[in-house]
Amino acid sequence: MSRTRDRHGRGMRGPLAWPPLPLMATRAEHFDDLVLDAAESLERRLGHPLGVELAVEDVPPSDPAPWEHGVPLGRLFPAERGAPARLVVYRRPVEQRAADDAELASVVHEVVAEQIARMLGRDPEDLA
């Protein structure tokens, strides 16, 4: 007689929450969705695609740009050599500034809107 995980007759063990449910989404995946939602909202407001690559990094690099004071929440890298502009949102500093999920969504939207406004040469208040 071989020993298996089914030694008490209860059946084989399986995943706790399957198929994938919101319970299974990590905080990082939830944050990625918030960034995508903010970008889609701005695209609808502007009426055209943003033309930027979106990226999320956990923390900003240790060498801030000369114009940045404090911890940056996002950074826009201009387009160069056929590559599109790249918008990076830093997850940990943004999460630390929000008390709950609603405020987190608002802060993410503000960061994305500010960076896109800078790229388009517009006032961030016009996009918010």
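Visitor: Let me start with contacts. Which residues is Q115 in contact with, leaving aside its neighbours within four places in sequence?

Guide: Contact means heavy atoms within 4.5 Å. Leaving out neighbours within four places in sequence, Q115 is in contact with G74, R75, L76 and L87. Q115 itself is found in helix 3.

Visitor: What am I looking at, and how are positions counted?

Guide: This is a predicted model, where local features need pLDDT of at least 70, side-chain atom pairs count only at pLDDT 80 or more, and totals for chains, interfaces and linings use all residues. Residues are numbered from 1 along each chain as its sequence is written, and side-chain values use heavy atoms, with hydrogens and water left out.

Visitor: Is Q115 buried or exposed?

Guide: Buried means under 20% relative accessible area, exposed means over 50%, and partly exposed lies in between (1.4 Å probe, protein chains only). Q115 has 4% relative accessibility, so Q115 counts as buried. Across the protein, buried residues make up 30% of the 128 residues.

Visitor: How do I read the fold?

Guide: Helices (H or I, at least four residues) and strands (E, at least two) are DSSP runs, numbered from the N terminus. The protein has four helices and three strands. Along the sequence, the pattern is α-β-β-β-α-α-α.

Visitor: Where does V59 lie, and what does V59 touch?

Guide: V59 lies in the loop between strand 1 (52–57) and strand 2 (74–77). Beyond its neighbours within four places in sequence, V59 is in contact with Y90 and R92. The C-alpha atoms of V59 and R91 are separated by 6.5 Å, although these residues are 32 apart along the chain.

Visitor: Tell me about R91. Which residues does R91 touch, not counting those up to four places away in sequence?

Guide: R91 touches R27, A28, F31, V56, E57 and D58. R91 lies in helix 2 (residues 91–96). With a relative accessible area of 10%, R91 is buried.

Visitor: How do I read a salt bridge?

Guide: Side chains of opposite charge can pair when their charged atoms come close. The rule here asks for a side-chain nitrogen of Lys or Arg within 4 Å of a carboxyl oxygen of Asp or Glu. By this rule, the count comes to five salt bridges.

Visitor: Which residue forms a salt bridge with E95, with the closest N and O atoms 3.1 Å apart?

Guide: That partner is R91. E95 and R91 are four residues apart in helix 2, so about one helical turn separates them. The side chain of E95 also meets that of R27 in a salt bridge (3.6 Å, N to O). E95 lies in helix 2 and R27 in helix 1, so this pair ties together parts that are 68 residues apart in sequence. E95 counts as buried, at 18% relative accessibility. R27 counts as exposed, at 58%.

Visitor: Which residues are linked with R91 and E95 in a network of salt bridges?

Guide: R27 and D58 join R91 and E95 in that network.

Visitor: What about charges on the surface?

Guide: Lys and Arg count as positive and Asp and Glu as negative; His and the chain ends are not counted. For a charge patch, residues need over 30% relative accessible area and no salt bridge, and like charges are joined within 9 Å. The place of a charge is taken as NZ of Lys, CZ of Arg, CG of Asp or CD of Glu. Here, E29, D32, D33, D37, E40 and E43 gather in a patch of negative charge. E40 is found in helix 1 (residues 27–46). E40 is partly exposed, with a relative accessible area of 39%.

Visitor: Which loop holds R81?

Guide: R81 is found in the loop between strand 2 and strand 3 (85–90). Phi of R81 is near 50°, a positive value in a residue other than glycine. R81 is exposed, with a relative accessible area of 83%.

Conventions. Patch = residues over 30% accessible without salt bridge, like charges linked within 9 Å, V, L, I, M, F, W, Y side chains within 5 Å. Areas by Shrake-Rupley, 256 points an atom, 1.4 Å probe, with all protein chains shown as cover.
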